[in-house]
Amino acid sequence: TADRAELENGHAVLYSGHVTLVSDTIRMQGDHLELHQLPGGHYQARITGAPAHLEHAGAGPENPPVSAHANTMVYDSRSTEIELLGDAQFTRADNQINADTNRYNVADRRAQAEGGSHQAVMVFTPPPPGASSAAPGAHK
């Protein structure tokens, strides 16, 4: 959804103003979206904002919700990978990755970071004191 949309060349749609893209378990928001339809029902989406935002629903305690923001996000439904470009920040639970470029594989819930002009910084918050790392119902 957006304030404005324009069909271009029959295979691309340009959206602008309060853009929201929802696909399965992900939600992306920004100022502009360029959406290209690909063969086989797939698509590539390039969303920009100040910044653009991503929310990926959680899938249980082992896979908490993910959020991210960056100047530009590029999502390819074939690879289920989102590239976060420019001042990219990725957050899962209390853990955070800051870098010029982050890549997030939606299907695998895997994140990678590249520093570019700055170093990539990953901050992992340890569990609270006394918390068990064993799975629920598991014996030590």
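Analyst: Asp76 is called buried because its relative accessible area is 13%, and buried means under 20% relative accessible area, exposed over 50% and partly exposed in between, with a 1.4 Å probe and protein chains only. This is a predicted model, in which local features need pLDDT of at least 70 and side-chain atom pairs count only at pLDDT 80 or more, while totals for chains, interfaces and linings use all residues. Residues are numbered from 1 along each chain as its sequence is written, and side-chain values use heavy atoms, with hydrogens and water left out.

User: Why is Arg78 called exposed?

Analyst: The relative accessible area of Arg78 is 51%, which is over the 50% that the term exposed requires, and therefore the word applies.

User: Why does the pair of Arg110 and Asp108 count as a salt bridge?

Analyst: The closest N and O atoms of Arg110 and Asp108 are 3.4 Å apart, which is within the 4 Å limit, so this pair is also a salt bridge. Arg110 itself counts as partly exposed, because its relative accessibility of 40% lies between the two cut-offs.

User: How do you know that Arg103 and Glu114 form a salt bridge, and where in the chain do they lie?

Analyst: Their closest N and O atoms are 2.6 Å apart, so the distance is within 4 Å. The pair links distant parts of the chain, with Arg103 in strand β7 (residues 95-105) and Glu114 in strand β8 (residues 110-114), eleven residues apart. Strands here are DSSP runs of E with at least two residues, and helices are runs of H or I with at least four, numbered from the N terminus.

User: Why are Arg103 and Glu114 called partly exposed?

Analyst: Arg103 has 21% relative accessibility and Glu114 has a relative accessible area of 42%, so both values fall between 20% and 50%.

User: Which residues are linked in a network of salt bridges, and how many salt bridges does the whole structure have?

Analyst: Glu83, Arg103 and Glu114 are linked in such a network, and a search of the whole structure finds four salt bridges.

User: How many helices and strands does the protein chain have?

Analyst: The protein chain has zero helices and nine strands, and buried residues make up 31% of its 140 residues.

Technical notes
A salt bridge is a side-chain nitrogen of Lys or Arg within 4 Å of a carboxyl oxygen of Asp or Glu.
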